[in-house]
Number of protein chains: 2
Amino acid sequence: MIYPNEFKDLMDAFKNLPGIGDKSAERYVYAIDSLDEETVKKFADSLLDFKKNIKKCSICGHLTNQDVCPICSLNSNRDNSTICVVEDSKSVFMFEKTGKYNGLYHVLGGLISPIDEVNPEDINISTLINDRINEDVKEVIIALNPSVEGEMTSLYIQKLLEPKNIKVSRLSYGLPVGADIEYLDPLTIIRAIDDRKFLS
Amino acid sequence: MIYPNEFKDLMDAFKNLPGIGDKSAERYVYAIDSLDEETVKKFADSLLDFKKNIKKCSICGHLTNQDVCPICSLNSNRDNSTICVVEDSKSVFMFEKTGKYNGLYHVLGGLISPIDEVNPEDINISTLINDRINEDVKEVIIALNPSVEGEMTSLYIQKLLEPKNIKVSRLSYGLPVGADIEYLDPLTIIRAIDDRKFLS
């Protein structure tokens, strides 16, 4: 009643986004009101273009606007002896930003979680095992969050890779750079001791 | 380089909104990725529909999808002897939500602010004085923020209304409901004393 329809509809649209309630949605609608028509047109187009053109890489599952992502593509000069297993595309972008990893990725699209009824067959594990592990692959790096679901998924993948006779590793646990040991939780300290690196 | 073009473009679009930087924009893009096509289409449409159909009421300046907003329209049964002067449409929606005010509004679309080079002629003051003050109007309530700009604008309007011989009021300053006096700033307390209400 109070808001014009178009105002209410745009508020509702913004409320599809995570963490946006009535207040923020209203604020964004005022922001849209103050943008010029050209910019709003581009905003709308970019929503449609994203949805139309961005899909999962047919090899690794990473978000891409091509059939095969630039990392998996044959002329990418990546080291195809290493596959890094990650939960989602977010992780791929994070790793790529470091500029230090030159291997391939495999995006699971989730983690095994019986409570949320996510079973191994619901995530992208079978293609990893059946399609991607060939004689070129020497190592699989498991790079999942150190959560219950992450550990569960990691163990599951480890089991399936056992008969394949390739190296399986995981990211080390330990102190985040810049952290103050005083403020770390005991579990992280235990993990940092377990994963300690011998210097001599 | 790292993000596909459509991903980057949509991030940039979200960054047009207030308070949204790289991190939040990226998060919203993932949210768009997980929404179904129908919902994203509606999102894009609602942006375009808002921009196309929402304009300023030709009488009061409030946001509306008609030529004259529902509050100003002749069949609104509003009390046209009172005009409440507000900074923007946000205030109108806030007042309407209370459901207690039955008069009309006048939206200035800003406040006088010499520092930001906003002069009286840059905001919607002249139409208030020249077009809206007629023999029906008995009172003008000034409902602007208690800031330097708000007070300046309020004084300016007061001056212009002086020869018109109508009642001019402003919102009272004082304690916000639920506030603890202990934590209020001294200026609010001074204002609450100045605007005190006599009970007998």
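**Exercise 1. Which domains make up chain A, and how far apart do their C-alpha centres lie?**

Step 1. Chain A splits into domain 1, residues 5-53, and domain 2, residues 76-173. The model is a predicted one.

Step 2. Take the C-alpha centres of domain 1 and domain 2 of chain A. They are 35 Å apart.

**Exercise 2. Is chain A spread out or a compact globule?**

Step 1. Count the elements. Chain A holds 7 helices and 6 strands. Along the sequence their pattern reads α-α-α-β-β-β-α-β-α-β-α-β-α.

Step 2. Compare the radius of gyration with the rule. For 200 residues the globule rule gives 16 Å, and chain A comes to 22 Å, well over that, so chain A is more spread out than a compact globule.

Step 3. The C-alpha trace of chain A spans about 70 × 45 × 35 Å along its principal axes.

**Exercise 3. Work out the strand order of the open sheet of 4 strands in chain A, and find its edges.**

Step 1. Read the order: β4-β3-β5-β6 of chain A, paired parallel.

Step 2. Find the edges. β4 (104-107) and β6 (167-170) of chain A each have a single partner strand, so one side of each has no neighbour in the sheet.

Step 3. Zoom in on one pair. β3 (residues 82-86) of chain A runs parallel to β4(A), and 4 bridges join them. Within this pair, Ile83(A) has Leu104(A) of β4(A) as its bridge partner.

**Exercise 4. Determine how chain B is related to chain A.**

Step 1. Two copies of a chain are related by a rotation about an axis and a shift along it.

Step 2. Name the relation: a two-fold axis.

Step 3. Locate the axis. In chain B, Ala44(B) has the C-alpha nearest the axis, at 2.2 Å.

Step 4. Check the surface. 100% of the contact residues of chain B recur in chain A, and the same surface serves both copies.

**Exercise 5. Which element gives the most to the side of chain B that touches chain A?**

Step 1. Size the contact. Chain B supplies 40 residues and chain A supplies 40 residues.

Step 2. List the elements of chain B that give two or more residues: α1 (5-14), α2 (22-34), α3 (37-53), β2 (63-64) and α4 (89-98).

Step 3. Pick the top contributor. α3(B) gives the most, with 13 residues.

Step 4. Sort by type. The side of chain B that touches chain A has 22 nonpolar, 7 polar and 11 charged residues.

Key:
Residues numbered from 1 in each chain as written. Chains lettered and ligands numbered in written order. Predicted model: local features only at pLDDT ≥ 70, side-chain atom pairs only at ≥ 80, totals over all residues. Contact = placed C-beta atoms within 7 Å. Nonpolar A, V, L, I, M, F, W, Y, C, P; charged D, E, K, R; others polar. Domains from an automatic or database assignment. Pairing = 2+ DSSP bridges. Least-squares fit on C-alpha atoms with pLDDT ≥ 70 in both. Rg over C-alpha atoms; globule rule 2.2 N^0.38 Å.
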